[in-house]
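The following exercises concern one protein chain. Each task is followed by a solution in steps.

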Amino acid sequence: MNIITRLMRDGLSYFPHIDVLNIIEILIIAYIVYEIMTWITKTRAWTLLKGLLIILGFTIIAYILHFDVILWILGRIATIAVTALIIIFAPELRKALEQLGNKNLMKIFAFDNKAITDDVGESTIEELVNAAFTMSKPKTGALIVIERKDSLVNIEKTGILINGIVSSQLLINIFEHNTPLHDGAVLIRGNTIVSATCYLPLSENMRISKDLGTRHRAAIGISEVSDSITIVVSEETGRVSVALGGNLIKVNDSEELRKELSVLLEDTAEEKKSSLWSKLLKGRGNEKDK
(Lines give C-alpha, C1' and ligand atoms only; values in the text may rest on other atoms or scores of the structure.)
Protein backbone atom coordinates (compact mmCIF):
# COMPACT_ATOMS: atom_id res chain seq x y z
CA MET A 1 0.00 0.00 0.00
CA ASN A 2 2.88 2.35 0.83
CA ILE A 3 4.43 1.71 -2.60
CA ILE A 4 1.16 2.57 -4.39
CA THR A 5 0.73 5.72 -2.30
CA ARG A 6 4.29 6.82 -3.05
CA LEU A 7 3.85 6.20 -6.77
CA MET A 8 0.65 8.24 -6.82
CA ARG A 9 2.36 11.05 -4.93
CA ASP A 10 5.39 11.04 -7.23
CA GLY A 11 3.13 10.95 -10.30
CA LEU A 12 1.13 13.95 -9.17
CA SER A 13 4.31 15.90 -8.49
CA TYR A 14 4.99 15.98 -12.23
CA PHE A 15 1.89 18.14 -12.79
CA PRO A 16 2.30 21.87 -12.11
CA HIS A 17 0.25 23.47 -9.36
CA ILE A 18 -2.92 25.06 -10.78
CA ASP A 19 -4.41 27.97 -8.87
CA VAL A 20 -7.38 30.28 -9.48
CA LEU A 21 -5.37 32.68 -11.66
CA ASN A 22 -4.32 29.82 -13.94
CA ILE A 23 -7.96 28.79 -14.37
CA ILE A 24 -8.97 32.39 -15.17
CA GLU A 25 -6.13 32.61 -17.69
CA ILE A 26 -7.24 29.37 -19.37
CA LEU A 27 -10.83 30.62 -19.60
CA ILE A 28 -9.68 33.92 -21.15
CA ILE A 29 -7.56 32.12 -23.74
CA ALA A 30 -10.44 29.74 -24.53
CA TYR A 31 -12.80 32.69 -25.01
CA ILE A 32 -10.35 34.49 -27.30
CA VAL A 33 -9.83 31.35 -29.40
CA TYR A 34 -13.60 30.85 -29.62
CA GLU A 35 -14.17 34.44 -30.75
CA ILE A 36 -11.42 34.16 -33.36
CA MET A 37 -12.86 30.92 -34.75
CA THR A 38 -16.37 32.42 -34.81
CA TRP A 39 -15.04 35.47 -36.66
CA ILE A 40 -13.20 33.29 -39.17
CA THR A 41 -16.27 31.18 -39.98
CA LYS A 42 -18.35 34.32 -40.72
CA THR A 43 -15.92 35.78 -43.26
CA ARG A 44 -14.09 34.67 -46.37
CA ALA A 45 -11.16 34.02 -44.05
CA TRP A 46 -12.69 30.56 -43.56
CA THR A 47 -11.98 29.68 -47.20
CA LEU A 48 -8.43 30.97 -46.87
CA LEU A 49 -7.95 29.03 -43.64
CA LYS A 50 -8.93 25.79 -45.39
CA GLY A 51 -6.30 26.55 -48.04
CA LEU A 52 -3.70 27.08 -45.30
CA LEU A 53 -4.62 23.76 -43.70
CA ILE A 54 -4.04 22.01 -47.03
CA ILE A 55 -0.60 23.64 -47.31
CA LEU A 56 0.17 22.65 -43.71
CA GLY A 57 -0.82 19.03 -44.42
CA PHE A 58 1.38 19.01 -47.53
CA THR A 59 4.29 20.37 -45.46
CA ILE A 60 3.88 17.61 -42.85
CA ILE A 61 3.88 14.96 -45.57
CA ALA A 62 7.00 16.50 -47.12
CA TYR A 63 8.70 16.43 -43.71
CA ILE A 64 7.79 12.78 -43.11
CA LEU A 65 9.00 11.71 -46.58
CA HIS A 66 12.14 13.89 -46.32
CA PHE A 67 11.43 16.04 -49.38
CA ASP A 68 14.31 18.36 -48.53
CA VAL A 69 14.06 20.55 -51.62
CA ILE A 70 10.34 21.22 -51.07
CA LEU A 71 10.96 21.97 -47.38
CA TRP A 72 13.77 24.36 -48.35
CA ILE A 73 11.45 26.22 -50.76
CA LEU A 74 8.66 26.41 -48.17
CA GLY A 75 11.09 27.76 -45.59
CA ARG A 76 12.26 30.52 -47.95
CA ILE A 77 8.75 31.69 -48.84
CA ALA A 78 7.40 31.57 -45.26
CA THR A 79 8.27 35.22 -44.52
CA ILE A 80 6.73 36.41 -47.78
CA ALA A 81 3.63 34.31 -47.07
CA VAL A 82 3.07 36.00 -43.69
CA THR A 83 3.19 39.44 -45.33
CA ALA A 84 0.85 38.26 -48.08
CA LEU A 85 -1.64 36.94 -45.51
CA ILE A 86 -1.74 40.31 -43.74
CA ILE A 87 -2.55 42.00 -47.06
CA ILE A 88 -5.17 39.39 -47.98
CA PHE A 89 -6.85 39.54 -44.58
CA ALA A 90 -6.74 43.36 -44.41
CA PRO A 91 -10.52 43.90 -44.89
CA GLU A 92 -11.38 41.26 -42.28
CA LEU A 93 -8.82 42.63 -39.80
CA ARG A 94 -10.19 46.15 -40.31
CA LYS A 95 -13.72 44.91 -39.65
CA ALA A 96 -12.61 43.08 -36.50
CA LEU A 97 -10.93 46.25 -35.19
CA GLU A 98 -14.10 48.22 -35.96
CA GLN A 99 -16.07 45.76 -33.85
CA LEU A 100 -13.59 46.15 -31.01
CA GLY A 101 -13.64 49.94 -31.32
CA ASN A 102 -17.43 50.05 -31.20
CA LYS A 103 -17.45 48.33 -27.81
CA ASN A 104 -18.27 51.19 -25.45
CA LEU A 105 -16.43 50.39 -22.21
CA MET A 106 -18.21 53.23 -20.42
CA LYS A 107 -21.57 51.63 -21.13
CA ILE A 108 -20.43 48.29 -19.75
CA PHE A 109 -20.16 49.86 -16.30
CA ALA A 110 -22.93 52.38 -17.05
CA PHE A 111 -20.95 55.43 -15.92
CA ASP A 112 -23.19 57.43 -18.22
CA ASN A 113 -26.70 57.77 -16.82
CA LYS A 114 -28.02 58.06 -20.35
CA ALA A 115 -26.94 54.48 -20.97
CA ILE A 116 -29.39 53.36 -18.29
CA THR A 117 -32.37 55.63 -18.87
CA ASP A 118 -32.33 56.25 -22.61
CA ASP A 119 -34.06 53.07 -23.77
CA VAL A 120 -36.36 52.63 -26.74
CA GLY A 121 -39.94 52.97 -25.54
CA GLU A 122 -43.04 51.13 -26.71
CA SER A 123 -44.34 54.23 -28.48
CA THR A 124 -41.07 54.45 -30.45
CA ILE A 125 -41.36 50.80 -31.48
CA GLU A 126 -44.92 51.45 -32.63
CA GLU A 127 -43.78 54.44 -34.70
CA LEU A 128 -41.01 52.38 -36.30
CA VAL A 129 -43.42 49.56 -37.20
CA ASN A 130 -45.97 51.98 -38.66
CA ALA A 131 -43.29 53.79 -40.68
CA ALA A 132 -41.78 50.57 -42.07
CA PHE A 133 -45.05 49.07 -43.32
CA THR A 134 -46.43 52.41 -44.51
CA MET A 135 -43.33 52.80 -46.70
CA SER A 136 -43.48 49.17 -47.86
CA LYS A 137 -46.82 49.71 -49.64
CA PRO A 138 -45.55 52.29 -52.19
CA LYS A 139 -42.11 50.57 -52.17
CA THR A 140 -40.26 53.48 -50.61
CA GLY A 141 -36.73 52.34 -49.79
CA ALA A 142 -35.64 52.90 -46.19
CA LEU A 143 -32.72 52.06 -43.92
CA ILE A 144 -33.22 52.60 -40.18
CA VAL A 145 -30.41 51.73 -37.74
CA ILE A 146 -31.25 51.38 -34.03
CA GLU A 147 -28.25 51.75 -31.72
CA ARG A 148 -28.03 49.31 -28.82
CA LYS A 149 -25.00 48.80 -26.54
CA ASP A 150 -22.26 49.40 -29.12
CA SER A 151 -21.62 53.07 -29.80
CA LEU A 152 -22.34 54.30 -33.35
CA VAL A 153 -20.92 57.79 -32.93
CA ASN A 154 -18.68 57.29 -35.97
CA ILE A 155 -21.75 56.45 -38.08
CA GLU A 156 -23.59 59.45 -36.64
CA LYS A 157 -20.82 61.81 -37.78
CA THR A 158 -21.21 60.72 -41.41
CA GLY A 159 -24.79 62.03 -41.57
CA ILE A 160 -26.76 65.24 -41.07
CA LEU A 161 -27.84 66.08 -37.50
CA ILE A 162 -31.60 65.75 -36.88
CA ASN A 163 -32.16 65.25 -33.12
CA GLY A 164 -35.91 64.80 -33.47
CA ILE A 165 -38.36 62.59 -31.60
CA VAL A 166 -39.04 59.34 -33.47
CA SER A 167 -42.32 59.50 -35.38
CA SER A 168 -43.60 57.60 -38.39
CA GLN A 169 -44.43 60.86 -40.20
CA LEU A 170 -40.89 62.17 -39.83
CA LEU A 171 -39.33 58.89 -41.00
CA ILE A 172 -41.66 58.72 -44.01
CA ASN A 173 -40.80 62.31 -44.96
CA ILE A 174 -37.06 61.63 -44.63
CA PHE A 175 -37.16 58.64 -47.01
CA GLU A 176 -39.60 60.18 -49.48
CA HIS A 177 -38.26 60.16 -53.05
CA ASN A 178 -36.43 63.26 -54.29
CA THR A 179 -36.00 64.72 -50.79
CA PRO A 180 -32.52 65.88 -49.63
CA LEU A 181 -32.31 63.32 -46.79
CA HIS A 182 -33.70 60.18 -48.43
CA ASP A 183 -30.34 58.76 -49.51
CA GLY A 184 -28.49 56.87 -46.78
CA ALA A 185 -29.44 55.57 -43.35
CA VAL A 186 -31.23 57.06 -40.36
CA LEU A 187 -29.62 56.51 -36.94
CA ILE A 188 -31.88 56.14 -33.90
CA ARG A 189 -30.60 56.34 -30.34
CA GLY A 190 -33.18 55.75 -27.65
CA ASN A 191 -36.31 57.64 -28.68
CA THR A 192 -34.47 60.14 -30.87
CA ILE A 193 -33.65 60.27 -34.57
CA VAL A 194 -30.04 61.39 -34.19
CA SER A 195 -29.02 61.86 -37.83
CA ALA A 196 -29.96 61.04 -41.41
CA THR A 197 -28.09 60.29 -44.68
CA CYS A 198 -25.58 58.25 -42.67
CA TYR A 199 -23.00 56.15 -44.50
CA LEU A 200 -22.86 52.48 -43.51
CA PRO A 201 -20.08 49.95 -44.24
CA LEU A 202 -21.04 47.44 -46.93
CA SER A 203 -20.82 43.74 -46.10
CA GLU A 204 -18.17 41.76 -47.97
CA ASN A 205 -19.78 38.42 -47.16
CA MET A 206 -19.65 36.34 -50.34
CA ARG A 207 -22.62 34.23 -49.20
CA ILE A 208 -25.08 37.11 -49.54
CA SER A 209 -27.58 36.63 -52.36
CA LYS A 210 -26.84 38.55 -55.54
CA ASP A 211 -30.47 39.65 -55.56
CA LEU A 212 -29.84 41.96 -52.61
CA GLY A 213 -28.82 45.50 -53.43
CA THR A 214 -26.61 48.09 -51.76
CA ARG A 215 -29.20 49.00 -49.13
CA HIS A 216 -29.39 45.43 -47.82
CA ARG A 217 -25.62 44.97 -47.96
CA ALA A 218 -25.23 48.14 -45.90
CA ALA A 219 -27.75 46.84 -43.34
CA ILE A 220 -25.85 43.56 -43.01
CA GLY A 221 -22.54 45.42 -42.95
CA ILE A 222 -23.42 47.56 -39.92
CA SER A 223 -24.83 44.50 -38.14
CA GLU A 224 -21.49 42.71 -38.64
CA VAL A 225 -19.48 45.40 -36.85
CA SER A 226 -21.99 46.28 -34.09
CA ASP A 227 -24.94 44.87 -32.16
CA SER A 228 -27.35 47.31 -33.80
CA ILE A 229 -30.76 46.42 -35.21
CA THR A 230 -31.43 47.65 -38.75
CA ILE A 231 -34.85 47.82 -40.41
CA VAL A 232 -34.72 47.67 -44.21
CA VAL A 233 -37.52 48.42 -46.66
CA SER A 234 -36.77 47.24 -50.19
CA GLU A 235 -37.30 49.76 -52.98
CA GLU A 236 -37.78 46.96 -55.53
CA THR A 237 -40.20 44.67 -53.69
CA GLY A 238 -41.40 46.65 -50.66
CA ARG A 239 -40.30 43.78 -48.45
CA VAL A 240 -39.45 44.61 -44.82
CA SER A 241 -36.40 42.90 -43.29
CA VAL A 242 -34.34 43.14 -40.12
CA ALA A 243 -30.53 42.88 -40.07
CA LEU A 244 -28.94 41.58 -36.88
CA GLY A 245 -25.62 39.89 -36.18
CA GLY A 246 -24.68 39.65 -39.86
CA ASN A 247 -27.99 38.01 -40.79
CA LEU A 248 -30.96 39.36 -42.74
CA ILE A 249 -34.38 38.19 -41.57
CA LYS A 250 -37.55 38.71 -43.59
CA VAL A 251 -40.52 40.11 -41.64
CA ASN A 252 -43.97 39.03 -42.82
CA ASP A 253 -46.21 41.56 -41.07
CA SER A 254 -46.30 44.45 -38.62
CA GLU A 255 -47.11 42.22 -35.64
CA GLU A 256 -44.01 40.09 -36.24
CA LEU A 257 -41.79 43.18 -36.49
CA ARG A 258 -43.32 44.62 -33.32
CA LYS A 259 -42.61 41.42 -31.37
CA GLU A 260 -39.03 41.11 -32.66
CA LEU A 261 -38.16 44.72 -31.80
CA SER A 262 -39.80 44.48 -28.37
CA VAL A 263 -37.86 41.35 -27.43
CA LEU A 264 -34.49 42.54 -28.75
CA LEU A 265 -34.70 46.03 -27.29
CA GLU A 266 -36.04 44.76 -23.97
CA ASP A 267 -33.03 42.44 -23.69
CA THR A 268 -30.73 45.41 -24.29
CA ALA A 269 -32.48 47.47 -21.61
CA GLU A 270 -32.21 44.65 -19.08
CA GLU A 271 -28.49 44.25 -19.78
CA LYS A 272 -27.94 47.96 -19.21
CA LYS A 273 -29.84 47.97 -15.94
CA SER A 274 -28.02 44.89 -14.63
CA SER A 275 -24.56 46.36 -15.28
CA LEU A 276 -21.86 46.00 -12.65
CA TRP A 277 -21.76 49.72 -11.88
CA SER A 278 -25.54 49.81 -11.31
CA LYS A 279 -25.23 46.93 -8.85
CA LEU A 280 -22.45 48.74 -6.99
CA LEU A 281 -24.53 51.90 -6.74
CA LYS A 282 -27.53 49.89 -5.53
CA GLY A 283 -25.38 48.20 -2.91
CA ARG A 284 -24.13 51.55 -1.63
CA GLY A 285 -27.69 52.82 -1.45
CA ASN A 286 -28.73 49.85 0.66
CA GLU A 287 -25.83 50.47 3.03
CA LYS A 288 -26.90 54.09 3.48
CA ASP A 289 -30.48 53.00 4.23
CA LYS A 290 -29.20 50.77 6.97
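A salt bridge is a side-chain nitrogen of Lys or Arg within 4 Å of a carboxyl oxygen of Asp or Glu. The model is predicted, so local features need pLDDT of at least 70 and side-chain atom pairs count only at pLDDT 80 or more, while totals for chains, interfaces and linings use all residues. Residues are numbered from 1 along each chain as its sequence is written, and side-chain values use heavy atoms, with hydrogens and water left out.

**Exercise 1. Identify the partner of glutamate 126 in a salt bridge, and locate both residues.**

Step 1. Glutamate 126 pairs with arginine 258, and their closest N and O atoms are 2.9 Å apart.
Step 2. Glutamate 126 belongs to helix H8 and arginine 258 to helix H12 (residues 254–273), so the pair ties together parts 132 residues apart in sequence. Helices (H or I, at least four residues) and strands (E, at least two) are DSSP runs, numbered from the N terminus.
Step 3. Glu126, Glu255 and Arg258 are linked in a network of salt bridges; the structure holds five salt bridges.

**Exercise 2. Determine whether arginine 189 is buried or exposed, and find its salt-bridge partner.**

Step 1. Buried means under 20% relative accessible area, exposed over 50%, and partly exposed in between (1.4 Å probe, protein chains only).
Step 2. Arginine 189 has 15% relative accessibility and therefore counts as buried.
Step 3. Its side chain meets that of glutamate 156 in a salt bridge (2.9 Å, N to O). Arginine 189 is in strand E3 and glutamate 156 in helix H9 (residues 153–157), 33 residues apart.

**Exercise 3. Explain why the buried residues of helix H10 line one face.**

Step 1. In H10 (residues 168–175), the residues Ser168, Leu171, Ile174 and Phe175 are buried.
Step 2. Viewed down the axis of H10, these residues fall within an arc of 125 degrees, so they line one face of the helix. The arc is that of the directions from the helix axis to the C-beta atoms.
Step 3. An α-helix has 3.6 residues a turn, so residues three or four places apart point the same way.
Step 4. The exposed residues Gln169 and Asn173 are on the face turned away from the buried side. The buried residues of H10 pack against helix H8 (122–136) and strands E1 (142–146), E3 (185–189) and E4 (192–198). Contact means heavy atoms within 4.5 Å.

**Exercise 4. State which residues touch the most other members of the largest nonpolar core.**

Step 1. A nonpolar core is a set of buried Ala, Val, Leu, Ile, Met, Phe, Trp, Tyr and Cys residues joined through side-chain atoms within 4.5 Å.
Step 2. Among the 29 residues of the largest core, Leu128, Leu257 and Leu261 touch the most other members.
Step 3. Two or more residues come from each of H8, E1, H10, E3, E4, E5, E6 and H12, and H8 gives the most, with seven.
Step 4. Leucine 257 touches Val129, Ala132, Phe133, Val240, Val242 and Val251, not counting residues up to four places away in sequence.
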